Amino acid sequence: MPYRIGMLGGGTVGGGVYELLKNEKTIEIAKICVRRLDKPRDFDAPKSCLTTSIDELLTDDIDCLVEVAGGSSGVVKDAVFKALKLGKTVVTANKALLAEQMKDIQEIL
């Protein structure tokens with residue numbers, strides 16, 4: 001069974017991550033949460049893979065949330081915190097989020 005990834009963000013970085021992982025046999029990009037479904041994208045994910053709902057992203061049977069949306073509050077913070085509370089692995093390079101929210105993240109862990 002493949003390792004199922006849910007991605008938050010479908011812009012330049014998200015598209016690059018998708019392209020790198022889409023043909024991996026042991027990984028499946030299950031869902032990608034984006035702001036707008038109608039926005040043209042530089043990558044070719046199936047429409048069924050895209051959602052605008054954080055709840056749909058996190059309630060899908062994903063193993064890991066990959067956060068590539070950026071920002072340190074609002075939707076990004078909420079999604080990361082919800083994922084951690086659900087016991088999901090979270091991967092992010094979001095320095096602002098980590099710097100500003102590390103104390104609260106550590107309390108969740």
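Predicted model: local features only at pLDDT ≥ 70, side-chain atom pairs only at ≥ 80, totals over all residues.
Biologist: Where is the place of Gln101, and which residues does Gln101 touch?

Modeller: Gln101 sits in helix α4, where helices (H or I, at least four residues) and strands (E, at least two) are DSSP runs numbered from the N terminus. Setting aside residues up to four places away in sequence, Gln101 touches Ser72, Lys77 and Phe81, a contact being heavy atoms within 4.5 Å.

Biologist: How do I read the packing of α3 and α4?

Modeller: Two packed helices are described by the angle between their axes and the distance between the axes. The axes are lines fitted to C-alpha atoms, for helices over the stretch in contact, and angles run from 0 to 180 degrees between N-to-C directions. Here α3 and α4 pack at about 25°, with 11 Å between their axes, and they are therefore roughly parallel to each other, given that angles under 35 degrees count as roughly parallel, over 145 as roughly antiparallel, 65 to 115 as roughly perpendicular and the rest as oblique. From the α3 side, Val76, Lys77, Val80, Phe81, Leu84 and Lys85 meet Leu97, Gln101, Asp104, Ile105 and Ile108 of α4.

Biologist: Which residues have the most contacts inside the largest nonpolar core?

Modeller: A nonpolar core is a set of buried Ala, Val, Leu, Ile, Met, Phe, Trp, Tyr and Cys residues joined through side-chain atoms within 4.5 Å. The largest one has 16 residues, and those with the most contacts inside it are Leu8, Cys33, Ile54, Leu57, Leu58, Leu65 and Val80. Two or more residues of this core come from each of β2 (27–33), α2 (54–59), α3 (74–85) and α4, and α3 gives the largest share, six residues. Leu58, when neighbours within four places in sequence are left aside, is in contact with Leu65, Ala79, Lys82, Ala83, Leu86 and Lys88. There is also a second, separate core of 13 residues, which includes Ile5, Phe43, Cys49 and Leu50.

Biologist: How is Cys49 placed, and which residues is Cys49 in contact with?

Modeller: Cys49 lies in the loop between β2 and β3 (50–51), and it is buried because its relative accessible area is 4%. Leaving aside neighbours within four places in sequence, Cys49 is in contact with Ile29, Ala30, Lys31 and Ile32. Another buried residue is Tyr18, with a relative accessible area of 9%, which belongs to helix α1. Beyond four places in sequence, Tyr18 is in contact with Met7, Ile29, Ile32, Phe43, Asp44, Ala45 and Pro46.

Biologist: What does the side chain of Asn94 reach, and which side chain does a polar contact join to that of Asn94?

Modeller: A polar contact is a pair of N or O atoms within 3.5 Å; within protein, one must be able to donate a hydrogen and the other to accept it, and residues adjacent in sequence count only if both atoms are side-chain atoms. The Asn94 side chain reaches the backbone nitrogen of Leu97 at 2.9 Å, has a polar atom 2.5 Å from the backbone oxygen of Gly71, and makes a 3.3 Å polar contact with the side chain of Glu67. Asn94 itself is in the loop between β5 (89–92) and α4 (95–108), and it counts as buried because its relative accessibility is 8%. Although Asn94 and Gly70 are 24 residues apart along the chain, their C-alpha atoms are separated by 6.1 Å.

Definitions and conventions: Residues numbered from 1 in each chain as written. Heavy atoms only, no water. Buried < 20%, exposed > 50% of the residue type's maximum accessible area, 1.4 Å probe, protein only.
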